[in-house]
Amino acid sequence: MSEYIVSARKYRPMTFDTVVGQAAIATTLKNAIRADKLAHAYLFCGPRGVGKTTCARIFAKTINCLNPRPDGEACGECESCVAFNEGRSMNIHELDAASNNSVDDIRSLIEQVRIPPQIGTYKVFIIDEVHMLSTSAFNAFLKTLEEPPAHAIFILATTEKHKILPTILSRCQTYDFQRMSVADIVSHLSDVAQKEGYTFEPAALNVIAQKADGGMRDALSIFDQVVSFSGGNITYTQTIANLNVLDYEYYFRLIDYLLEKKISESLMLFNEVIGKGFDGGPFISGLAAHLRDLLVSRDAATTQLLEVSDDLRQRYAEQAQRCKPQWLYRAIRLCNDCDLAYRTSRNKRLQVELTLIEAAQATDDEPAAGRRPAHRILKPIFSLLAAAATKADTGVAAQPQQAATQTQQQAPAAQAQQPKPQATAPTPTPIHSLQMPATQTQQQAQPKRTLKISSLTPSIGHHLRSSNNGTADSDGLKDNSTTTGDEQQQEAKAFTQTDLELQWQAFINTLPIEETALAQNMRIMTPKLKEGTAEASVCVDNEDVAFMIQRIQPQLLPFLQKALRNSLITLTINIAEQNQAPTRVYNKREQLKYFCQQNPALINLGKDFKLELS
């Protein structure tokens, strides 16, 4: 049986023209060779499997070619090229810095640098994964790297450029290798498949290219794996089965369901994906990528950003035309938020399912600028009766009934004025001269002070009238307006305390951003429902907050009446009891006087030891 060679080695480029995806770097190196302007040190950096070591070997082979071609390529026929192709050239030395990273390894390399080449012009030293060298090894290498012999050229290759010392970077010409595009990888894989006599589908090669993530070596390794699985007939179905990749058909079906607001079908499709062994994280990431592809497919100028096979472009374009841009923006944002929250969520499946429900119920209208973003309330999705009830609710126009005016009461407040503390001189005072003053009258408890404000319908004027002594009028708030037009039918649907709290929070979310202070105050309030009635009450800290809520009564009360379907709702605002007199705080001098009065021995102690209060 003949020796098998993997595709990554068998089809490694041997000339600059065959290098895939790095045309700019290949052209620069060829021009430098043709012009005989070679640097003594190069640094090739970039992701894995993009051609760094390959270009270093081609460069070493070309500069030692005895009969170079006019275009800067090696002839491939001279003694030096043949020795290189057969792997026996003495002009190329490769060092793996990942396992040879000590000072002794670098010193051994430096000893080899002194020996001139036997055939050819240059000796090329390729140090792979150079960032793995220790700091001592780097320092030992600095002098030789800066001033090597004329026949020595160093090529350093690394995947982590940021780990290399600045002193090394300053001595090298740096070439940054880029990830290869999906189109370049697909083109190279198709050439390899044709040379090997394999049959393939372009969609299958596209999946392999996307799985490789810009690395040609990874792409060829995956290609060999799929060939072994499929027996040389590379189909899309066999490829996704072997690589455990989710079929794009699921995403096309899911978008159709979301556009048609078929939430049950969307959840069942996600359940089918879970049943095939896929995790919710890659699923939601793939959905976000699919939505992104639909977004760029809407415009011909951005279609080139779509890295799919040609037979899929038309399908993306057709589905993209049925998706409005605003819906795509919101769906992508929902998927992105779900992806961020998925890693920390305890119920990961529920996190994805909620995202699908919200995407299906998302509208094309963005929130108005300058308004507080409202928390989205999901609509019923599984019950036809609930949907019918929702439709019936929207068809009934409920007219709020004018609530009865509550009596506004406020107990008279008498504040106990405390004398201001007298300023004391900073001069130290002997303890024995301190005398405790007469005991002052303690603060009197403030009588309970409650302000009740009745909630009125929008047709009632909101005025809080209080007398000069701080007592509200006994009549409270009056309805100064008259009802015009025919009275509409009233609603009186029963509701619970939980329903009231939910609608209270829902109203807070509708407040504009200018009412941030009011919204913060309302969030810490909990309206209380009187059992068996439609009377609600809320307790506030002071009159300022009471007036703020009274000011938004024309919006608050109709909102609650409509949301709870009860036009008899009234709202009473109570002001919590507060003590008006400030708390008396004694300073250190007064505290010492009190202690001396309680224990006269402290005065004698001060006399004996001549203590003073500073």
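Tutor: Two strands pair if DSSP finds at least two bridges between them. Strands (E, at least two residues) and helices (H or I, at least four) are DSSP runs, numbered from the N terminus. This is a predicted model: local features need pLDDT of at least 70, side-chain atom pairs count only at pLDDT 80 or more, and totals for chains, interfaces and linings use all residues. Residues are numbered from 1 along each chain as its sequence is written, and side-chain values use heavy atoms, with hydrogens and water left out.

Student: Which residue of E4 is the bridge partner of Ile127?

Tutor: Leu156. Strands of a sheet pair through backbone hydrogen bonds, either parallel or antiparallel. Here E3 (residues 123–128) and E4 (residues 152–158) run parallel, joined by six bridges.

Student: What is the strand order in the open sheet of five strands?

Tutor: E2-E3-E4-E1-E5, with parallel pairing. E2 (92–96) and E5 (173–176) stand at the edges with a single partner strand each, so one side of each lacks a neighbour in the sheet.

Student: Which strands does helix H5 touch?

Tutor: Contact means heavy atoms within 4.5 Å. Helix H5 (residues 103–113) packs on the sheet and touches E2, E3 and E4.

Student: How do E10 and E11 run where two bridges join them, parallel or antiparallel?

Tutor: Antiparallel; E10 covers residues 528–529. Lys528 has Ser537 of E11 as its bridge partner. The two strands form a hairpin with five residues between them, and Gly532 in the turn has a positive phi of about 80 degrees.

Student: Which residue in E12 stands opposite Ser537?

Tutor: Thr572. E11 and E12 (residues 570–575) pair in the parallel sense over six bridges.

Note on methods. Axes are lines fitted to C-alpha atoms, for helices over the stretch in contact, and angles run from 0 to 180 degrees between N-to-C directions.
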